[in-house]
Amino acid sequence: MSESAVATLKLPPRVSGEKPGAGHMEEFGVNFARFLMRCNAECGELAEFNMGGQQTVLMSGPQAQEAFLKTLDLKLSRAAAYQATVPVFGRGVIFDAPPDKMKTQLKIQVDALRYQNMVHYSTIISKEVEDWIAGWGDEGVLDFLDEFLRLTLNTATHCLLGADFRYKLTDEFRELYHALEKGLQAIAFVDPYLQQPIFAARDKARERLQEIIGGIIAERRATSGVEYGDALETFMAGTYADGSYLDDNEITGLVIATMFAGHHTSSGTATWTLTELARQKPYADEVLQELQQLFGDGAPITFESLREIPRLERFIEEVLRLHPPLILLMRRVIEDIDYNGTLIAAGKTVAISTFGSHRNTDYFPDPERFDAHRPKPDTLFAYIPFGGGPHKCAGNAFAMMQLKAIFAALLPRYEFELVDPDETYQDDLSAMVLTPSGPCRLRYRKRR
Ligand code: HEM
């Protein structure tokens, strides 16, 4: 854009309450979903705030969200905005790879979610769910936040790295994974290379994880002819344009990136779905009826039978409206943008909030009310739990299949009720992936 064109443009309005140096970091850190809603309420469609020196423009409303989601990486870069993931996924992996390599790596990641693999994954997930509930007995109380974290870690490792690895799942692996998770706190989005113990632990864990996954890769390369059906097999078979295979570092990075994309997002949604089923009796009864009709006569839970469960799907969609796991999506502005007469200058960050979008009263009247019969808005990009445009969630179908497999198995067998006062089941709005604040205790009772 020429200098004279830039000079005619307005600047985005700035959000009040900025502190010298840190800007809005403190308020952001306490409860960033609410902070983003305040930005939108105060400034409207565009709202600029300061994240410790990084000027960030929140874009709100379907039109602005569409512009954000559809603009290509060359202008709005995810790689530059998500640099915090580089030490976790690894050097040269996804957001640290040159654009053509990143494209191939993402394609290989998506290949691991194709039809044949999905059929295999649905069998794995059903078995994991059966094993999980096998020891429950007739009645009991569990912290389902914890339970679903464990269940989805088991399904993720099983689908990604195969049965052998899953059944040898060690405390060491859990600790390594946990160290990587800790390395992705809000501070990592400011500078992921600060001298901090959590970052040192993250780097050691990444190194050790590559040794472990490298060991499985070497074993598999030494034994040909075995079909695994898991994601690792797809990652090992994938090639770049010149025919070369991904190396151990890149394969490890794809495994980690897929775990990070799918684990907390799925476990948080499962926990909220169960909690809302316990809270929303009339809707839960409708879902139960549907499941009894579909699976009541002992019909097996398979990839095909999981495809069409409309009431359960609608219920989960309403859960994802109120509790979207990824609240904040970000990009770095590479070239100046003229957004309807306002300049969003190169170097700034732009962001959208799924949490705020799903509470926009123009599209979701009485937004805090759970309503599984709520019509979906006709306007595109108003409901965006999985993002949209060219980088819409690649695991959308996997996530829905897994959630349906879990609840198709659980609900016809058990009823659930909240153990603690209703108002204590709240979103934890301090973490980067939204989940209920723990513990999330529910009582289960076998249906007669
Ligand atoms: C309820 C569960 C999930 C939700 C709400 C969710 C949400 C999202 C969102 C909002 C994005 C877009 C991020 C952006 O534009 O910056 C995304 C991207 C992505 N998700 Fe998910 N996700 C879920 C589960 C999964 C699962 C289970 C997997 C893998 C098995 C997965 C894999 C991915 C991948 C690979 C991308 C990047 C796609 C690309 O860059 O082209 N997600 N997800």
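**Exercise 1.** Find how far an oxygen atom of the ligand is from an N or O atom in the side chain of R78.

*Solution.* Start at R78. An N or O atom of its side chain is 2.4 Å from an oxygen atom of the ligand. Polar contacts are pairs of N or O atoms within 3.5 Å. Next, take Y82: a side-chain N or O atom is 2.9 Å from a ligand oxygen. Then take R331, where a polar side-chain atom lies 2.9 Å from an oxygen atom of the ligand.

The model is predicted: local features need pLDDT of at least 70, side-chain atom pairs need 80 or more, and totals for chains, interfaces and linings use all residues. Residues are numbered from 1 along each chain, and side-chain values use heavy atoms, without hydrogens or water.

**Exercise 2.** Identify the protein donor to the iron atom of the ligand.

*Solution.* Look for N, O and S atoms within 2.8 Å of the metal (3.2 Å for Na, K and Ca); water is not among the atoms, so sites may look incomplete. The protein gives a single donor, SG of C393, 2.3 Å away. Now place C393: the loop between α17 (354–357) and α18 (396–410) holds this residue. Helices are DSSP runs of H or I, at least four residues; strands are E runs, at least two.

**Exercise 3.** Work out the strand order of the open sheet and its edges.

*Solution.* Two strands pair if DSSP finds at least two bridges between them. The 5 strands follow the order β1-β2-β8-β5-β3, with mixed pairing. β1 (46–51) and β3 (76–77) are the edges; each has a single partner strand, so one side of each lacks a neighbour in the sheet. Inspect β2 (54–59) and β8 (349–353): they run parallel, joined by 3 bridges. T56 stands opposite T349 in β8.

How values were computed: A polar contact is a pair of N or O atoms within 3.5 Å; within protein, one must be able to donate a hydrogen and the other to accept it, and residues adjacent in sequence count only if both atoms are side-chain atoms.
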